[in-house]
Amino acid sequence: MKAEKEHIDELIVSYLSNELDGNAVHELKEWIAASVENEKYFMQRQEIWFSAISDMKNSIYNKDEAFQLFRKRVDTYQKNKMMRKRLRWKIVYKYVAFISIIGFISYFSYWRGKSNLKNVLTETGIEVETPIGSQTRLRLPDGTIVILNAGSRIIYPQNFGVYNRDVELQGEGYFEVARNIEMPFYVKTKELQVRVLGTKFNFRDYPEDKEVVVSLLEGRIVLNNQLQREEELLLLPNEQVILDKRVKTMKKEWKRDGINIEWITGRLFFDEIPLPEVAQILERNYGVRIKFANDALKKIRFYGNFNKNDQSVRDILEALSATEKVHYTLNDKEIILY
């Protein structure tokens, strides 16, 4: 029994490290599907593994070190579990006189509790959130690379890659999806759903934005409008879809000069975009608040190419001011454009 659990642990760790071959993946999935207990065991081990990764002191991922930390966490978990089990038995002995009544109630609570627990484990996701002014790079259990822009969030189920590859996005994310023709990868927001097999694309859907923008670099993706019934759209490389949240329709366009995703390297590229959009981008990337002294400024469009790693928000405001169409005051984190 112990040898089997150790073998399963090794399969789980290899799977979460994206180092499991096809036959072993099939073995692990069959074992998980065999019983509710196995599924629960997998969820527990996955949580322990991710907690071990997050607590590693080294910024560079090291599987061997992570595995040793994982083993220590498992031992601690087992000891705590045994202590809880002993405590439960003491309680049972203490109240043995009520065994018949308690037994019936416990039986009912066990099955109801198991059902509720299963729902929590399968429906509650792992959430990764990027603070204002920063970016987050993560690798999902299937090998997919995700880069989250400032003020963005991604949620995926704890059993990601076992039964589905569904993620929820709020904000902006760049995806390099690991190919799996048997299990499509879905990215969902309230407004739009993207379905892919394996590709590279950018998905932007901040709640405060008026548009959702999906841009494709490689492969193919299929888009479904979640706001109203509309035909699916197939996107090819160097194409992008814009979903207008007000009129609830999708529009596809081809980018002759290619798709710009320079934000993942810290670059801020403003291609004749309205000043309110410029303000939103600066707020997310520098953690500032921008107010307009009058609505006429909102019609101004701005072109510029900056690097937030080397240039401050004041540098960009100075470039805006150089157009002589906009002036500003900067007080700590509050900016007023006039």
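**Entry 1**

Which residue in strand 5 is the bridge partner of Ile155? I looked it up, and the partner is Glu168. I note at once that this is a predicted model.

I then checked the pairing around that bridge. Strand 4 and strand 5 (residues 165-176) are antiparallel and share 3 bridges. Strand 4 (residues 153-157) also pairs with strand 1 (residues 125-129). That pairing is antiparallel too, with 5 bridges. I picked out one of them: Gly125 has Pro157 in strand 4 as its bridge partner.

**Entry 1: the whole chain**

I stepped back to the overall counts. The protein chain has 338 residues, and 40% of them count as buried. I find 7 helices and 18 strands. I also looked at contacts between residues at least 6 apart in sequence; 50% of these join residues at least 24 apart.

Next I checked confidence. The average pLDDT of the protein chain is 79, and 75% of the residues reach at least 70. Residues 54-61 have a pLDDT below 50, and the model gives this stretch 10 contacts beyond near neighbours in sequence. Residues 83-123 also stay under 50. For them I note 15 contacts beyond four places in sequence.

**Entry 2: Asn38**

I went to helix 3 (residues 36-54), where Asn38 sits. Is Asn38 buried or exposed? Its relative accessible area is 13%, so Asn38 is buried. I then asked what its side chain reaches. The backbone oxygen of Trp31 lies 2.7 Å from the Asn38 side chain. Leaving out residues up to four places away in sequence, Asn38 touches Trp31 and Ile32.

**Entry 3: Thr144**

I moved on to a loop residue. Thr144 lies in the loop between strand 2 (136-139) and strand 3 (145-148). Its relative accessibility is 0%, so I count Thr144 as buried. A polar atom of the Thr144 side chain is 3.1 Å from the backbone nitrogen of Ala178. Ala178 is also on the contact list of Thr144, which sets aside neighbours within four places in sequence. Leu138, Arg139, Arg165, Glu176, Val177 and Phe185 are on that list as well.

**Entry 4: helix 6**

I checked the length of helix 6 (residues 275-286) against expectation. With 12 residues at 1.5 Å a residue, the helix should span 16 Å. The C-alpha atoms at its ends are 16 Å apart, so the two agree.

Which residues of helix 6 are buried? I list Leu275, Val278, Ala279, Leu282, Arg284, Asn285 and Tyr286. I kept a general rule in mind while reading that list: an α-helix has 3.6 residues a turn, so residues three or four places apart point the same way.

I then traced what the buried residues pack against. Their partners include strand 14 (267-274) and strand 16 (301-307). Strand 15 (289-292), strand 18 (334-337) and helix 7 (313-322) are also among them. After helix 6 comes Gly287, with a positive phi near 65°.

Last, I looked at how strand 17 and strand 18 meet. They form a hairpin with 2 residues between them. In the turn, Asp332 has a positive phi of about 60°. The two strands run antiparallel and are joined by 4 bridges. I noted which residues face each other: Thr329 stands opposite Ile336, and Leu330 stands opposite Ile335.

Conventions: Residues numbered from 1 in each chain as written. Predicted model: local features only at pLDDT ≥ 70, side-chain atom pairs only at ≥ 80, totals over all residues. Heavy atoms only, no water. Expected span 1.5 Å × (residues − 1). Buried < 20%, exposed > 50% of the residue type's maximum accessible area, 1.4 Å probe, protein only. Contact = heavy atoms within 4.5 Å. Polar contact = N/O pair within 3.5 Å; in protein donor to acceptor, adjacent residues only side chain to side chain. Pairing = 2+ DSSP bridges. pLDDT = per-residue confidence, 0-100.
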